[in-house]
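Welcome to this guided tour! Please open your viewer, load the model, and get ready to select residues one stop at a time.

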Amino acid sequence: MEQPIHHFSELFEQLGLPADAAAIEQFIESHAPLPDDIALADAPFWNEAQATLLRNALADDA
């Protein structure tokens with residue numbers, strides 16, 4: 001079975017963030033690197049809805 005290809009822009013849209021290439025690059029530059037002891041969904045820059053979306057996606061192996 002083929003694994004679907006997911007683009008960063010789709011994730012950013014789901015998170016309610018600007019999804020154009022420049023905005024994605026700026027977001028990554030602003031928030032990277034994430035310390036090793038912080039899970040992505042626990043990062044301080046997400047609002048509660050964004051963190052919940054990420055936690056649910058991880059739990060669903062999405």
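What follows is a walk from the whole chain down to single side chains.

**Stop 1: the whole chain**

Begin with a cartoon view, and keep in mind that this is a predicted model. The protein chain has 62 residues, of which 19% count as buried. Its secondary structure comes to three helices and zero strands, and reading along the sequence gives the pattern α-α-α. How much of the contact list comes from residues 24 or more positions apart? Among contacts with a separation of 6 or more, such pairs account for 25%.

**Stop 2: an aromatic pair in helix H1**

Now select Phe 8 and Phe 12, and show their side chains. Both lie in helix H1, four residues apart, which is about one turn of the helix. A pair of aromatic rings is described by the distance of the centres and the angle of the planes. For Phe 8 and Phe 12, the centres are 6.4 Å apart with 85° between the planes, an edge-to-face pair. Phe 12 counts as buried, because its value of 4% is under 20%.

**Stop 3: a second pair, and the cluster**

Next, select Phe 45 and Trp 46. Their ring centres are 4.8 Å apart and their planes meet at 65°, so this pair is edge-to-face as well. Phe 45 counts as partly exposed at 24% relative accessibility, while Trp 46 is buried at 12%.

Together, Phe 8, Phe 12, Phe 27, Phe 45 and Trp 46 form one aromatic cluster. In total, the structure holds five aromatic pairs.

**Stop 4: the second largest pocket**

Rolling a probe the size of a water molecule over the atoms shows where empty space is left. The second largest pocket holds about 210 Å³ of space. Which residues are closest to its centre? Of the 13 lining residues, these are Phe 27, Ile 28, Leu 40, Phe 45 and Trp 46. Helix H1 (8-14) and helix H2 (21-31) are the elements that each give two or more residues to the lining. By class, the lining has 12 nonpolar residues, one polar residue and no charged ones.

**Stop 5: a buried glutamine**

Select Gln 50, which sits in helix H3 (residues 48-59). Gln 50 is buried, because its relative accessible area of 9% is under the 20% cut-off. What does Gln 50 touch, leaving out residues up to four places away in sequence? Its contacts are Leu 15, Leu 17 and Phe 45, so show those three next to it.

**Stop 6**

Move to the loop between H2 and H3, where you will find Pro 33. Most peptide bonds are trans. The bond from Ala 32 to Pro 33, however, is cis, with omega near -5°. Zoom in on the backbone here to see it for yourself.

**Stop 7: the charged network**

Side chains of opposite charge can pair when their charged atoms come close. The structure holds two salt bridges. In one of them, Arg 55 meets Asp 42 at 2.7 Å, N to O. That pair links distant parts of the chain: Arg 55 is in helix H3 and Asp 42 in the loop between H2 and H3, 13 residues apart. Glu 48 and Arg 55 also meet in a salt bridge, at 4.0 Å, N to O.

How open are these side chains to the outside? Arg 55 is partly exposed, with a relative accessible area of 35%, and Asp 42 is partly exposed too, at 45%. Glu 48 is exposed, at 58%. Through shared partners, the salt bridges join Asp 42, Glu 48 and Arg 55 into one network.

Notes
Residues numbered from 1 in each chain as written. Predicted model: local features only at pLDDT ≥ 70, side-chain atom pairs only at ≥ 80, totals over all residues. Heavy atoms only, no water. Buried < 20%, exposed > 50% of the residue type's maximum accessible area, 1.4 Å probe, protein only. Contact = heavy atoms within 4.5 Å. 1 Å grid on protein atoms, 1.4 Å probe; cavity = no way out; pocket = protein on both sides within 12 Å on 5 of 7 lines; lining within 4 Å. Points joined across faces, edges and corners; volume = space filled by probe spheres on them. Nonpolar A, V, L, I, M, F, W, Y, C, P; charged D, E, K, R; others polar. Salt bridge = Lys/Arg side-chain N within 4 Å of Asp/Glu carboxyl O. Phe/Tyr/Trp six-rings, centres within 6.5 Å; stacked < 30°, edge-to-face > 60°.
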